[in-house]
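Trainee: Could you take me through this model, giving the general idea behind each feature before the case in hand?

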Amino acid sequence: MHQILRSNVAGMPLEWISYQQAARLYCSGQVCYVIGRPLYHLGGGINAITRRRSKMTIHSIIATDNHPGNYLKFQTRSVPPLHNAPLFRRDGYLCMYCGHHYPTHLLSRDHVRPLSRGGQDIWPNVVTACKRCNNAKAGWMPEEVGMELLAVPFVPSHAEYIYLQGRRVLTDQMEYLMAHFPRTSPLHERLRDLK
Ligand SMILES: [Zn+2]
């Protein structure tokens, strides 16, 4: 099942929701307009007067009314939480030292400045590394062991983070999110390579 991308009424991407959650927003009249393509057609109840079954079409991207609570949550949480899945995706599943592509179970989170030397567990200090490179680097700084980072680690913006969290992101959803990435986002290039 694909996820539905929900944006606010101004078109700012907010989050992924299930089609069931989207259906509830449609029913409660909170969908202001639709952006993506029709994705699911759901059959509803039978209208007592017309005897016709109601139908609902769920689109891949929907713009919804702002809830004060959500609005606040999305505006104030400027740094997205750090998890391995979005981190590996940020780095394109490449080891940022040897440059090879690995399946997730062979990847690890490397602290560029090691924790043992005051490095922090934050987006700008972590990169994807294969277990081999991570072991070789151990408690050293990359330059101390002749290793070089292939790309500078960055903190994803909210739109970038939504993309990184997505499962089976559809083309129109991806393009929509990309339009909200910062212009300088390294993901523009990484996603172009994926296409
Ligand atoms: Zn490696």
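Mentor: Leaving aside neighbours within four places in sequence, isoleucine 162 is in contact with Pro13, Glu15, Trp16 and Leu177, where contact means that the C-beta atoms of two residues, placed from the backbone, lie within 7 Å. This is a predicted model, in which local features need pLDDT of at least 70, side-chain atom pairs count only at pLDDT 80 or more, and totals for chains, interfaces and linings use all residues. Residues are numbered from 1 along each chain as its sequence is written.

Trainee: Which residues have the most contacts inside the largest nonpolar core?

Mentor: A nonpolar core is a set of buried Ala, Val, Leu, Ile, Met, Phe, Trp, Tyr and Cys residues joined through C-beta atoms within 7 Å; a residue is buried if 20 or more other C-beta atoms lie within 10 Å of its own, exposed if 12 or fewer, and partly exposed in between. Here the largest such core has 17 residues, and those with the most contacts inside it are Ile4, Ala22, Ile58, Ile62, Ile162, Tyr163 and Leu177. Two or more residues each come from strand S1 (4-8), helix H1 (19-27), strand S6 (61-64), helix H5 (158-165) and helix H6 (171-178), the helices (H or I, at least four residues) and strands (E, at least two) being DSSP runs numbered from the N terminus. H5 gives the most, with 4 residues. Apart from this core lies another, of 12 residues, among them Phe88, Leu94, Met96 and Leu107.

Trainee: In what order do the strands of the open sheet lie?

Mentor: Strands of a sheet pair through backbone hydrogen bonds, either parallel or antiparallel, and two strands are taken to pair if DSSP finds at least two bridges between them. In this model 4 strands form an open sheet in the order S2-S1-S6-S3, with mixed pairing. Strand S2 (13-17) and strand S3 (31-34) stand at the edges with a single partner strand each, so one side of each has no neighbour in the sheet. S1 and S2 pair in the antiparallel sense over 4 bridges, S1 and S6 run parallel and are joined by 4 bridges, and S3 and S6 run antiparallel with 3 bridges.

Trainee: Which residues of S6 are buried on its two faces?

Mentor: In a regular strand the side chains alternate between the two faces of the sheet. In S6, Ile61 and Ala63 on one side and Ile62 and Thr64 on the other are all buried. Leucine 5 has isoleucine 61 of S6 as its bridge partner, while valine 34 has isoleucine 62.
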